[in-house]
Amino acid sequence: EILVAKPILSVAPVNRNTNFGSFLQGSKNNKTESSSSLISKHPKEIEENDEEPNDEDEEAKEEVKENDGSAVPHHQNMMRALNLHTILGNGLSIEYNLSFLGSICTDEEKLESRRMLIEVQRQVVATLELFVKGNSKNQHLVFSHLPALRKLMGPLRVPPISNDSKDDPDKPEFTLKDELAAQVGGMNTEAVIIECIRGNSSLCATDVPRDLVEQFGDLLNAETDPSTSPLLEFFTILCEPVGPDESDDRNQQLVSDVLISDHFDRINLSIKAALQCPGYEDKIPCASPERIIDLLCKAVSHRNIISANRLMRAGVTMDHVLSALHKTTHPQGSRNQSFTQSFAHDPLCVNLVKLLSLQMQVLVIDPRIFRLEETWEFVVNAGRGILITYVDGGHHQKSGSFVSIE
């Protein structure tokens with residue numbers, strides 16, 4: 001990486017105002033000739049310096065050429081060579097409540113100082129997210145700062161307010177507690193952790209501690225609607241770090257422990273709501289039940305019988321999945337062709353079918369299930385759906401529905 005970076009940096013130093021996030025993205029919106037624009041000249045500059053191109057140079061040029069606006073691997077590697085991860089890692093230790101820890105400033109000055117530090121730290125976190133995206137080496141380097149990242153997870157911490165803190169008499173509308181409450185949100189270090197484990201099976205297999213999974217469980221459990229939370233992605237990636245072709249047994253069991261734990265009551269309610277269990281439909285918002293069912297699928301994929309048994313004992317049974325399929329495709333209990341249409345287009349329906357299939361591979365099937373009307377209705381309509389999709393020339397294969405259903 002140093003050999004690749006040297007001719008670029010020697011031609012023109014990186015502009016002081018260069019935004020590192022934009023640099024990592026390869027942004028085309030920089031009006032100044034920053035390092036982003038210099039990279040585009042990289043092949044020509046190598047020729048001018050009479051350096052023999054090597055395989056790494058060719059890979060770097062292809063990476064820049066094929067950039068889709070996300071993180072550019074070549075830029076990520078340059079920043080790693082410049083030790084950016086250490087600088088940003090140290091930035092995570094900034095105490096954004098510092099102005100409330102003994103400062104003699106006015107309350108308004110303290111709030112402004114806190115706001116500025118929060119904004120700085122959010123920029124640090126956003127840059128770290130780009131720095132690690134899809135880059136295995138960078139993922140491992142930033143994940144070594146996990147303790148600092150974990151301290152910043154969740155909503156902003158409210159600073160201690162001393163008893164002698166008074167409102168400004170010249171501004172009676174100014175109330176310190178109200179102003180602090182207005183500074184909402186968090187640092188979003190959860191996104192950095194998620195990007196660190198995405199596609200990194202070795203890191204997922206050895207470096208993710210149980211208490212981190214439980215910490216994410218606490219945050220997900222605090223969500224108004226867990227089914228729509230981006231935090232769900234942490235659990236799905238843990239189960240299948242590199243996609244559906246490979247799973248991690250240990251992590252699947254850690255995730256299933258969170259899903260069935262009484263401590264995470266709202267997550268439990270979300271599962272029951274997604275399965276449309278009687279009496280649970282209105283107990284918690286569940287706008288994206290297909291995401292909950294998808295997580296259940298990933299927790300039991302690749303014949304993980306331990307996780308499948310744990311979830312079954314917690315109420316995720318084949319009976320409930322069949323019942324949810326029936327309710328999804330026949331909302332009023334009417335017998336029509338709606339199932340065939342849902343089969344190909346509805347992600348919830350497809351994920352329920354996939355979950356049922358995964359359960360049947362590892363769980364003991366109760367013979368009673370073959371005497372249920374819902375079972376044979378499902379078999380008939382599923383067969384019809386597959387045939388129609390096949391006759392249509394595999395029109396739905398692009399969405400992945402046909403493969404999952406088959």
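Ten salt bridges turn up in this predicted model, a salt bridge being a side-chain nitrogen of Lys or Arg within 4 Å of a carboxyl oxygen of Asp or Glu. Because the model is predicted, local features need pLDDT of at least 70 and side-chain atom pairs count only at pLDDT 80 or more, while totals for chains, interfaces and linings use all residues. Residues are numbered from 1 along each chain as its sequence is written, and side-chain values use heavy atoms, with hydrogens and water left out.

One of the salt bridges pairs glutamate 95 with arginine 157, with 3.7 Å between the closest N and O atoms. This pair links distant parts of the chain, 62 residues apart: glutamate 95 sits in the loop between α7 (84–91) and α8 (107–132), and arginine 157 in the loop between α10 (146–151) and α11 (176–182). Helices here are DSSP runs of H or I with at least four residues, numbered from the N terminus. Glutamate 95 is partly exposed, at 28% relative accessible area, and arginine 157 is partly exposed too, at 37%. On this scale, buried means under 20% relative accessible area and exposed means over 50%, with partly exposed in between (1.4 Å probe, protein chains only).

Another salt bridge joins arginine 150 to aspartate 211, and here the closest N and O atoms are 3.3 Å apart. Arginine 150 belongs to helix α10 and aspartate 211 to helix α14 (residues 210–221), so the contact ties together parts that are 61 residues apart in sequence. Aspartate 211 comes out as partly exposed, with a relative accessible area of 39%. Arginine 368 and aspartate 366 also form a salt bridge, with the closest N and O atoms 3.4 Å apart. Arginine 368 is partly exposed at 36% relative accessibility, as is aspartate 366 at 38%.

Turning to the aromatic side chains, a search of the whole structure gives two aromatic pairs. Rings of Phe, Tyr and Trp (its six-membered ring) pair if their centres lie within 6.5 Å; planes under 30 degrees apart count as stacked, over 60 as edge-to-face and the rest as tilted. The rings of phenylalanine 216 and phenylalanine 234 are stacked, because their centres are 3.8 Å apart and their planes are at 5°. Phenylalanine 216 is in helix α14 and phenylalanine 234 in helix α15 (residues 232–239), so this pair bridges parts 18 residues apart in sequence. Both of these residues, phenylalanine 216 and phenylalanine 234, are buried. Phenylalanine 234 also meets phenylalanine 235, with ring centres 5.3 Å apart and planes at 85°, so that pair is edge-to-face. Phenylalanine 235 is buried as well, and Phe216, Phe234 and Phe235 make up one aromatic cluster.

Tyrosine 280 has lysine charges over its ring. Lysine 272 lies over the face of tyrosine 280 at 5.7 Å from the ring centre, and the charged end of lysine 283 sits over that ring, 4.9 Å from its centre. The rule asks for NZ of Lys or CZ of Arg within 6 Å of the ring centre and within 35 degrees of the ring normal.

Finally, helix α20 (residues 318–329) has twelve residues and should span 16 Å at 1.5 Å a residue, which agrees with the 17 Å between its end C-alpha atoms. The expected span is 1.5 Å times one less than the number of residues. Buried in α20 are Met318, Val321, Leu322, Ala324, Leu325, Thr328 and Thr329. Down the axis of α20, these buried residues fall within an arc of 160°, so they line one face of the helix. The arc is taken from the directions from the helix axis to the C-beta atoms.

Methods. Helices (H or I, at least four residues) and strands (E, at least two) are DSSP runs, numbered from the N terminus.
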